[in-house]
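Please look over the sequence and the model together before reading on.

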Amino acid sequence: MASESELGHAAPSWFSAPGETDFLAWVTAVLIILALFGLITLYAAFDRWAEHKSSGTPLAKTIPTLLTIALLYEIFPLDHVSALLPLSAILIALAADWSRFHLVGPLAPGNAATQSDGRTGDPTEAEGESGHA
């Protein structure tokens, strides 16, 4: 009966013995992180472009939200996530778009009412100038 040492199998080139540094694992981890960073960067650029193209349309917030949900379903296995989560995100985006076009008052889009210093009634504009976040 032959023992295992007599079989003569050499360790594969990718094998690292216990206690040694596994350079292949480190290189692979760095490449995965860089690939995810590149994918997120490209998607962010596409999302900005889509939001810019959809500005002024009734679905300016809903379209980028749908694209984000589609990307998440493509990249991650979201079968275990309830369908209510993406549906609630879509409903929130639809509500934001609906309220943007049905808002009555000084914040309504297309309202020509401006303040005496030339600013519109946008509270984010006032916050940016006063230095408050």
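A residue is called buried when its relative accessible area is under 20%, exposed when that area is over 50%, and partly exposed in between. Leu 39 has 34% relative accessibility and therefore counts as partly exposed; its place in this predicted model is in helix H1.

Helix H1 comprises residues 23-54, and at 1.5 Å a residue its 32 residues should span 46 Å, which agrees with the 46 Å between its end C-alpha atoms. After H1 comes Gly 56, whose phi is positive, near 95 degrees.

Within H1, the residues Tyr 43, Asp 47, Ala 50 and Ser 54 are buried, and the buried residues of this helix pack against helix H2, which covers 62-75. On the surface, Ile 32, Leu 36, Leu 39, Ile 40, Leu 72, Ile 75 and Phe 76 form a nonpolar patch that has about 600 Å² of accessible area together. The elements giving two or more residues to this patch are H1 and H2, and H1 gives the most, with 4 residues.

The aromatic side chains come next. In the whole structure, a search finds 2 aromatic pairs. In the pair of Tyr 43 and Phe 46, the ring centres are 6.5 Å apart and the planes lie at 50 degrees, so the pair is tilted. These two residues are 3 residues apart in helix H1, and therefore about one helical turn separates Tyr 43 from Phe 46. Tyr 43 is buried, with a relative accessible area of 16%, whereas Phe 46, at 38% relative accessibility, counts as partly exposed. Together with Trp 49, Tyr 43 and Phe 46 form one aromatic cluster.

Definitions and conventions: Residues are numbered from 1 along each chain as its sequence is written. This is a predicted model: local features need pLDDT of at least 70, side-chain atom pairs count only at pLDDT 80 or more; totals for chains, interfaces and linings use all residues. Side-chain values use heavy atoms; hydrogens and water are left out. The expected span of a helix is 1.5 Å times one less than its number of residues. Buried means under 20% relative accessible area, exposed over 50%, partly exposed in between (1.4 Å probe, protein chains only). Contact means heavy atoms within 4.5 Å. Patches are made of residues with over 30% relative accessible area and no salt bridge: like charges are joined within 9 Å, nonpolar side chains (Val, Leu, Ile, Met, Phe, Trp, Tyr) within 5 Å. Accessible areas come from the Shrake-Rupley method with a 1.4 Å probe; for residues, only the protein chains shown count as cover. A salt bridge is a side-chain nitrogen of Lys or Arg within 4 Å of a carboxyl oxygen of Asp or Glu. Rings of Phe, Tyr and Trp (its six-membered ring) pair if their centres lie within 6.5 Å; planes under 30 degrees apart count as stacked, over 60 as edge-to-face and the rest as tilted.
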